Amino acid sequence: MSKRKLCALGYPVPAQELDPNDESTFRKLVFWLEDQKISHYAIEDRAALSNADSADWNGAFQKYLSDLSCPIASDKATNAELLDWLLGLAVSIAFNENAALYRQKSAAELARLRGDSDPSKTSDNLLNALDYDSDEFRKGVSDLAKMLEIAEHPNHLITLRAICTLIQDRLSNSAVKQATDDPKKRLGKAYPLETYSTGLESMGDAALDNATRALRLLHVKHLRDLQTDINETIVAVQNLTANPKTDDKLGQIGR
């Protein structure tokens, strides 16, 4: 359970005093989130969740998760996992309802951390003037993703992050030069995911198996990048410590 999310939502009970594994606490939290933050049901339809001692509460909760299109399989998840998802949904709803206010507060806080005496002054960075939630910006991200043949995520900012990663890895000046100098570095045929081991037992779903393979390949790539960084650090340290210079004037002969 995320204590930060609970604090952000203003839950009246201190987060450190809560135990999500306690069934009564869990049920009360679920009802509070629906009643005060999520509000997916009409007020009169929340009665089934409000009675934490009801024998029918679990059934009402399963229906509630289904109505919210919860992606987590409730029969395989713990109360803490389900609660964390509900907290994330509640925080998302709260932010979207007051997005302009939160962005204004974030800008003021960022200016304070930078030491700006006047947070409202115009920044020289044109990127700070962009509205990242505008329809024009979303359309621009979508058009760029289609141009680069990148699958779009429901969150356009995540799509933008994927675009930035592709540009950095494949379209930067250094990447283009490397591909030009070494043809083997150029993009080749698509890698057949089906031939790569998942490292796990098959989940019985080809899409899930392929996603697992892709995540494993990404993990291997990140490990290789980390190893490269470590090697470069070792070389840099060796360059600093190898062949130390001595000052002969400090030498002393005899006693």
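Ser69 is exposed, with a relative accessible area of 57%; exposed means over 50% relative accessible area, buried under 20%, and partly exposed in between (1.4 Å probe, protein chains only). The residue sits in the loop between α4 and α5. Most residues other than glycine have a negative phi.

Ser39 also has a positive phi, near 55°. This residue follows α2 and belongs to the loop between α2 and α3. With a relative accessible area of 37%, Ser39 is partly exposed.

## Basis of the model

This is a predicted model, in which local features need pLDDT of at least 70 and side-chain atom pairs count only at pLDDT 80 or more, while totals for chains, interfaces and linings use all residues. Residues are numbered from 1 along each chain as its sequence is written, and side-chain values use heavy atoms, with hydrogens and water left out.

## Chain overview

The chain holds 10 helices and 0 strands, giving the pattern α-α-α-α-α-α-α-α-α-α along the sequence. Helices (H or I, at least four residues) and strands (E, at least two) are DSSP runs, numbered from the N terminus.

Of the 255 residues of the chain, 21% count as buried. Among contacts (heavy atoms within 4.5 Å) between residues at least 6 apart in sequence, 36% join residues at least 24 apart.

## Helix α2

Helix α2 covers residues 23-38. Its buried residues are Thr25, Phe26, Arg27, Leu29, Val30, Trp32, Leu33, Glu34 and Ile38. They pack against α1 (3-9), α3 (47-50), α4 and α5 (79-97). An α-helix has 3.6 residues a turn, so residues three or four places apart point the same way.

## Aromatic pairs

A search of the whole structure finds 6 aromatic pairs. Rings of Phe, Tyr and Trp (its six-membered ring) pair if their centres lie within 6.5 Å; planes under 30 degrees apart count as stacked, over 60 as edge-to-face and the rest as tilted. For Phe26 and Trp57, the ring centres are 6.0 Å apart and the planes at 70°, so the pair is edge-to-face. Phe26 lies in α2 and Trp57 in helix α4 (residues 57-67), so this pair ties together parts that are 31 residues apart in sequence. Both Phe26 and Trp57 are buried.

Phe26 forms an edge-to-face pair with Phe61 as well, at 5.4 Å centre to centre and 85° between the planes. Because Phe26 lies in helix α2 and Phe61 in helix α4, the pair ties together parts that are 35 residues apart in sequence. Relative accessible area is 1% for Phe26, which is buried, and 2% for Phe61, which also counts as buried. Ring pairs link Phe26, Trp57 and Phe61 into a cluster.

## Cysteines

A search of the whole structure finds 0 disulfides, a disulfide being a pair of cysteine sulfur atoms within 2.5 Å. Cys70 counts as buried at 15% relative accessibility, whereas Cys164 counts as partly exposed at 44%.
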